[in-house]
Amino acid sequence: MREVALKLLFMFSFLTMAGCQTGGEVTQADLDAAEAEVQAVMEDFWEAWGAASFDGGMAFYSDDPEMAFAGDGVLFESKAAVGEAYRAAFELLERQEITITDTRIHALTPEIVYAAQAATYAAVSRSGETSP
């Protein structure tokens, strides 16, 4: 398996809103809870992609028409455009072997959590072929 570059789908860095809302002083427990929530979402995200579930993986992305996706040197203007580009390829996959090699999660506030992951990746087709 090869190490996936930062710009690819399999390594991502994002700011996300955690579900915790606080009304006053932020405690370490608040920050820990936000980080744990993001970790759980990331695990579900990779589980869906590992199962080669295009719809399951894409369910984590916004349907907002202002949302754009970058991948393979192309900027996709919508979630639908990503589907047009990749859905057929996913139909040929049995699974994806994704191994997270590095995880960094840091709650800036309970509502804003920075998360970055690196991973190795291989695709296994329905015919049994594996490609990096």
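Predicted model: local features only at pLDDT ≥ 70, side-chain atom pairs only at ≥ 80, totals over all residues.

Me: Is aspartate 63 buried or exposed?
Reply: Buried means under 20% relative accessible area, exposed means over 50%, and partly exposed covers what is in between, with a 1.4 Å probe and protein chains only. The relative accessibility of aspartate 63 is 63%, and therefore the residue counts as exposed.

Me: Which residue forms a salt bridge with aspartate 63?
Reply: A salt bridge requires a side-chain nitrogen of Lys or Arg within 4 Å of a carboxyl oxygen of Asp or Glu. The closest N and O atoms of this pair are 3.1 Å apart. The pair links distant parts of the chain, 16 residues apart, with aspartate 63 in the loop between helix 2 and strand 3 (69-71) and its partner in helix 3. The residue that forms the salt bridge with aspartate 63 is lysine 79.

Me: Which residues is lysine 79 in contact with, leaving aside its neighbours within four places in sequence?
Reply: Lysine 79 is placed in helix 3, which covers residues 79-91. Contact is understood as heavy atoms within 4.5 Å. With the neighbours within four places in sequence set aside, the residues in contact with lysine 79 are Met58, Ala59, Tyr61, Ser62, Asp63 and Phe69.

Me: How far apart are the C-alpha atoms of aspartate 63 and serine 78?
Reply: Along the chain, aspartate 63 and serine 78 are 15 residues apart.

Me: Which residue meets arginine 87 in a salt bridge?
Reply: By the salt-bridge rule the count comes to five, and one of these involves the side chain of arginine 87, with an N to O distance of 2.8 Å. The pair links distant parts of the chain, 32 residues apart, with arginine 87 in helix 3 and its partner in helix 2 (residues 54-58). Arginine 87 itself counts as partly exposed, because its relative accessibility is 32%. The residue that meets arginine 87 is aspartate 55.

Me: What is the distance between the closest N and O atoms in the salt bridge of arginine 104 with aspartate 102?
Reply: Arginine 104 has a relative accessibility of 52%, so it counts as exposed, whereas aspartate 102, at 29%, counts as partly exposed. The closest N and O atoms of arginine 104 and aspartate 102 are separated by 2.7 Å.

Me: Why is the pair of tryptophan 49 and phenylalanine 54 called edge-to-face?
Reply: Rings of Phe, Tyr and Trp (its six-membered ring) pair if their centres lie within 6.5 Å, and planes under 30 degrees apart count as stacked, over 60 as edge-to-face and the rest as tilted. The structure holds nine aromatic pairs. In the pair of tryptophan 49 and phenylalanine 54, the ring centres are 6.0 Å apart, and the pair is edge-to-face because the planes stand at 75°.

Me: Are tryptophan 49 and phenylalanine 54 buried or exposed?
Reply: Tryptophan 49 has a relative accessibility of 1% and so counts as buried. Phenylalanine 54, at 7% relative accessibility, likewise counts as buried.

Me: Where does alanine 52 lie?
Reply: Phi of alanine 52 is near 60°, a positive value in a residue other than glycine. Alanine 52 is buried, because its relative accessible area is 12%. Its place is the loop between helix 1 (28-50) and helix 2.

Me: What pattern does the protein chain follow along the sequence?
Reply: The protein chain has three helices and seven strands. Of its 132 residues, buried ones make up 33%. Read along the sequence, the pattern is β-β-α-α-β-β-α-β-β-β.

Notes:
Residues numbered from 1 in each chain as written. Heavy atoms only, no water. Helix = DSSP H or I, 4+ residues; strand = E, 2+ residues; numbered from the N terminus.
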